[in-house]
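Dear colleague,

Please find below the structure I promised to pass on, followed by some notes on what turned up when I went through it.

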Amino acid sequence: MDASLTVQYAIIAVAVVVSAWVVAKKQFPGPVRKARVALALPLLRQGRADWVQRLGKWVAPPGFATTGKACGGCDGCG
């Protein structure tokens, strides 16, 4: 397989994944938020490496990593 064809396939794959993510966030905001929380919780536990906790904060939905609670993200409960 030619290298340029491999690069083309990689670019198309990235575009498809990004497009699927945008559609999922628009059409299914609740399940996407629950999935992000489920992915972030194990990464944010105490005793994890700093880079793992930073990754967890990046994955977590807005307002989740700052309050540590699965609230709406308004920061009104802290």
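Helices (H or I, at least four residues) and strands (E, at least two) are taken here as DSSP runs numbered from the N terminus, while axes are lines fitted to C-alpha atoms, for helices over the stretch in contact, with angles running from 0 to 180 degrees between N-to-C directions. The model is predicted, so local features need pLDDT of at least 70 and side-chain atom pairs count only at pLDDT 80 or more, whereas totals for chains, interfaces and linings use all residues. Residues are numbered from 1 along each chain as its sequence is written, and side-chain values use heavy atoms, leaving out hydrogens and water.

The chain has 4 helices and 0 strands. Helix 1 (residues 3-27) packs against helix 2 (residues 29-43) at an angle of about 115 degrees, their axes being 5 Å apart; the two are therefore roughly perpendicular (65 to 115 degrees). In this contact (heavy atoms within 4.5 Å), helix 1 contributes Trp-21, Ala-24, Lys-25, Lys-26 and Gln-27, and helix 2 contributes Pro-29, Val-32 and Arg-36.

Arg-36, in helix 2, is buried (under 20% relative accessible area, with a 1.4 Å probe and protein chains only), at a value of 19%. Not counting residues up to four places away in sequence, Arg-36 touches Trp-21, Trp-58, Val-59, Ala-60, Pro-61 and Pro-62, and a polar atom of the Arg-36 side chain lies 3.0 Å from the backbone oxygen of Ala-60. Across the chain of 78 residues, 17% are buried.

Methods. Parallel < 35°, antiparallel > 145°, perpendicular 65-115°, else oblique. Buried < 20%, exposed > 50% of the residue type's maximum accessible area, 1.4 Å probe, protein only. Polar contact = N/O pair within 3.5 Å; in protein donor to acceptor, adjacent residues only side chain to side chain.
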